[in-house]
Amino acid sequence: MLNFDALISRKPHLISIWAAAIMMLISSPYTSSNAQGRAFHTKLANGMEVVVLPDRRAPVVTHMVWYRVGGADEPIGKSGIAHFLEHLMFKGTQKIAPGEFSKIIARNGGQDNAFTSNDVTAYFQRVSKDRLPLIMEMEADRMVNLRLDENDVTTERKVILEERRSRVDNEPLSILQEQMQAAFYLAHPYGIPVIGWEHEIEKLNRQDALGFYKKFYAPNNAILVIAGDVSPEDVMLLAEKFYGVIPANPDAAVRSRVQEPDHAAERRVVLKDSRAGKATLQRIYMAPAYPNAAPSEAEALEMLARIAGSSKTSRMYMKLVVEEKKASSASGWFSGAALDSGSIAFYAVAAGDAKLEDIEALMDGVLADVRENGVTQEELDRARNAAVADIVYMSDNQASMARTYGWALATGRTVQDVETRAERLAKVTVEDVKKAANKYLDIKRSVTGLLFPAPSQTANVARPSTPKQPGAGVH
């Protein structure tokens, strides 16, 4: 279902350590900040971080370059420029003709893609291990040698506008999400859509793109992650050759964002759209993200979301779908993989002619019970086991490993944070979960979205017709 951490992809498609790999890391001439863990982690002289994740099961590698810049770093009035630049990065350099980047990778048997979120922009390829030097040379080239002409910009701007129309303007649920995000954040740029507002996208130009590129695309603002059939020594030789020669930009790593004030009143967004299939209720609560949460707090929020709503055995699903039969589906999640703030959210889709006000009352009741009575040890153990299983499955997938480490480092966390996550989850208690519920399931820190199938399309922020009790709901 919807996740409120906005992420725009360029294309629609988006282990245990071996003893030999550990010995190789220990004996490496490069200094690893985490020699006993899965990842080799170091930094080039120009400030570019390098992470190597050896995985010998197949002769392939995943190559990712992460930039510490996203939609929330855009100049005022230039919404969408981070995502726009991501598209333009495929246009070409002095060495590579416009549109040839992906074609060259395809001709070499590989796949590539890119995506932009509020906090990061990432480019990745999956290729045979013997093609890694080619990929690194190409990616390093476009880090500093991007070439754009007016035709490229004009054409790609039309592509972005069409992407917005198809992914947002033609999807009632996406419209609701966008409007909720705008209402959720009073000042912080997380309230601005990553894809951008249409009237601002229309004005983006070549100078905007190149200015953003020169400010943020530099080795000292980037993280190289290589996962696959490689050794740290081999990767470092290539990294030094292709990325190490690029000079650092001392201004690139400076991020300046408006801080979000305390929230003092709940907000509600109502959307009526004839294209909507079913009435839908969503609610988001402000919560800390992993980088700025107190010890055990983010992990407790993750367990809270799992227990209350993330599966068909969750309290929300059992109450709304199984017992009361008011909803056809119900779920929830915790979004903490951000730089500045996170959220905990729940949603439900009405079954038949069920009214959203009844569904909201049931949702409020489930969450009120969690706040007042907490959760059981059995529920916590089940949620924790599911989370640990996700970690294991992530470790079994090369691309997922690269993504997990890259995203963590690009949003203020460390390699150690990634590799000790299971240990932190093991320390969460039922008291921690109840404390988190009471602190963050506060209706004053929330926005509620209601989507109604109706002949007219209207999005507005409105006060509720009847006051709600503090903490009476969660999205």
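Predicted model: local features only at pLDDT ≥ 70, side-chain atom pairs only at ≥ 80, totals over all residues.

Trainee: Which residues touch the most other members of the largest nonpolar core?

Mentor: The general idea is that in soluble globular proteins, nonpolar side chains tend to be buried together. Here, the largest nonpolar core has 55 residues, and Tyr217, Leu224 and Tyr243 touch the most other members. Helix α4 (residues 132-144) gives this core its largest share, 6 residues. Leaving aside residues up to four places away in sequence, Tyr217 touches Tyr67, Val69, Leu85, Met89, Thr121, Tyr123, Met143 and Phe212. There's also a second, separate core of 48 residues, with Ala308, Leu367, Ile443 and Leu450 among them.

Trainee: And how much space lies in the largest pocket?

Mentor: Rolling a probe the size of a water molecule over the atoms shows where empty space is left. In this model the largest pocket holds about 1100 Å³. Its lining has 34 residues, and Tyr290, Glu302, Ala337, Thr404 and Arg421 are the closest to the centre. By type, the lining splits into 15 nonpolar, 8 polar and 11 charged residues. Elements that each supply at least two lining residues include α10 (297-309), β10 (327-335) and α13 (377-395).

Trainee: Now the helix: which residues of α11 are buried?

Mentor: In α11 (residues 315-323), the buried ones are Arg315, Met316, Tyr317, Leu320 and Val321. Their cover includes α10, β10, β11 (342-350), α12 (356-373) and α13. After α11 comes Lys325, with a positive phi near 55°.

Conventions
Residues numbered from 1 in each chain as written. Heavy atoms only, no water. Core = buried A, V, L, I, M, F, W, Y, C linked by side-chain atoms within 4.5 Å. Buried < 20%, exposed > 50% of the residue type's maximum accessible area, 1.4 Å probe, protein only. Helix = DSSP H or I, 4+ residues; strand = E, 2+ residues; numbered from the N terminus. Contact = heavy atoms within 4.5 Å. 1 Å grid on protein atoms, 1.4 Å probe; cavity = no way out; pocket = protein on both sides within 12 Å on 5 of 7 lines; lining within 4 Å. Points joined across faces, edges and corners; volume = space filled by probe spheres on them. Nonpolar A, V, L, I, M, F, W, Y, C, P; charged D, E, K, R; others polar.
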